[in-house]
Amino acid sequence: MPVVRMLRQVMGPGAQRPACGCWAPGPPARFLGISPRQILADASFHFASFSETDHPRVLITGGLGQLGVGLANLLRKRFGKDNVILSDIRKPPDHVFHSGPFIYSDILDYKNLREIVVNNRVTWLFHYSALLSAVGEANVPLARAVNITGLHNILDTAAEHNVRLFVPSTIGAFGPTSPRNPTPDVCIQRPRTIYGVSKVHAELMGEYYHYRYGLDFRCLRYPGIISANSQPGGGTTDYAVQIFHDAVKHGKFECNLEASTRLPMMYIDDCLRATLEVMEAPAESLSMRTYNINAMSFTPEELAQEVLKHVPEFQITYNVDAVRQAIADSWPMNFDDGNARKDWGWKHDFDLPELVTTMLNFQVPTPEWPRPTEGL
């Protein structure tokens with residue numbers, strides 16, 4: 001079945017292309033060239049550090065999702081507009097297109113990906129292309145292609161061209177046999193979703209490429225990310241975004257998770273800042289390559305009670321989605337991020353009261369916005 005038709009069946013008639021930063025009408029082509037697939041056993045790479053005046057050249061894949069545009073804005077303020085390239089397979093909104101460099105990039109086209117990195121002298125790569133948890137469960141073959149095959153292309157390209165690589169992971173990388181409260185950086189994982197399996201695969205492959213080829217791989221396990229600037233797009237934690245839209249527009253919200261479901265969460269500003277901080281951290285300060293990060297942990301009922309303080313007429317009801325609930329029940333309730341705080345000074349700014357106040361003070365965007373490509 002063609003990929004477009006498969007995705008339409010998963011996401012509905014409004015979906016024209018997969019929100020994943022890739023395009024694959026068939027199995028991805030393989031191209032000859034020097035890559036870790038062909039590197040000798042004793043080969044290694046060496047990475048030059050950046051001086052304060054030598055800014056990195058950045059590429060963001062899956063850039064039209066929940067995190068890509070915000071990350072591009074943050075990095076452009078720090079490194080200059082022309083040094084940060086957003087990429088995706090979809091046409092960007094006008095304000096995104098005119099805000100800085102944007103190119104078409106298909107992560108399943110290995111040759112094109114290499115050309116982009118070489119032609120733009122890319123030195124940092126943020127790989128955000130992925131299918132989310134609930135969407136991935138509805139279309140496992142597509143999620144496998146995007147989340148695993150696409151990752152392999154990214155890893156090989158980054159290693160071949162000495163690129164510092166960031167790949168986000170997720171609370172979904174843990175499973176029902178993992179310790180849940182709190183969940184440490186290193187423990188049994190065993191997720192039961194293709195999204196989670198692909199993220200564990202990304203963590204391990206990134207670490208392998210680091211030790212085997214010298215790839216400067218860095219990874220953060222994100223909790224649920226909450227942002228006012230994107231619409232929910234298939235993630236299990238999306239209720240914590242939708243609740244604010246519905247509270248402002250309708251004064252009520254129907255939650256698809258049980259009232260007592262506790263999950264770790266983070267406001268997007270903290271998430272983006274953590275991402276930049278770990279990428280800028282000196283390599284010698286990193287005791288590991290994959291870190292948990294956390295800010296707060298709450299249930300739908302606790303979130304609703306905080307919303308009620310600002311919207312007294314707000315009402316919440318529950319219509320539990322069995323698939324999403326099963327996913328949430330297998331995930332951490334709270335993250336132990338002590339290593340991130342110790343190694344590179346991670347510290348969050350937003351707790352639950354600040355989160356709710358900030359989200360409700362935002363004017364909820366009304367134009368249709370592309371679905372997120374990275375989240376939970």
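**Surface, fold and an aromatic cluster**

The accessible surface of the protein comes to about 15,600 Å², and carbon and sulfur atoms hold 52% of this area (Shrake-Rupley method, 1.4 Å probe; for residues, only the protein chains shown count as cover). The model is predicted: local features require pLDDT of at least 70 and side-chain atom pairs pLDDT 80 or more, while totals for chains, interfaces and linings use all residues. Residues are numbered from 1 along each chain as its sequence is written, and side-chain values use heavy atoms, without hydrogens and water.

The protein contains 13 helices and 13 strands (DSSP runs numbered from the N terminus; H or I of at least four residues for helices, E of at least two for strands). Of its 376 residues, 58% are buried (under 20% relative accessible area, with a 1.4 Å probe and protein chains only). Among contacts (heavy atoms within 4.5 Å) with a separation of 6 or more, 80% join residues 24 or more positions apart.

There are 12 aromatic pairs in the structure (ring centres of Phe, Tyr or Trp, the last by its six-membered ring, within 6.5 Å; stacked under 30 degrees between planes, edge-to-face over 60, tilted for the rest). W124 and F126 pair edge-to-face, at 6.2 Å between centres and 65° between planes. F79, W124, F126, Y128, F166 and Y222 make up one aromatic cluster.

Terms used:
Buried means under 20% relative accessible area, exposed over 50%, partly exposed in between (1.4 Å probe, protein chains only).
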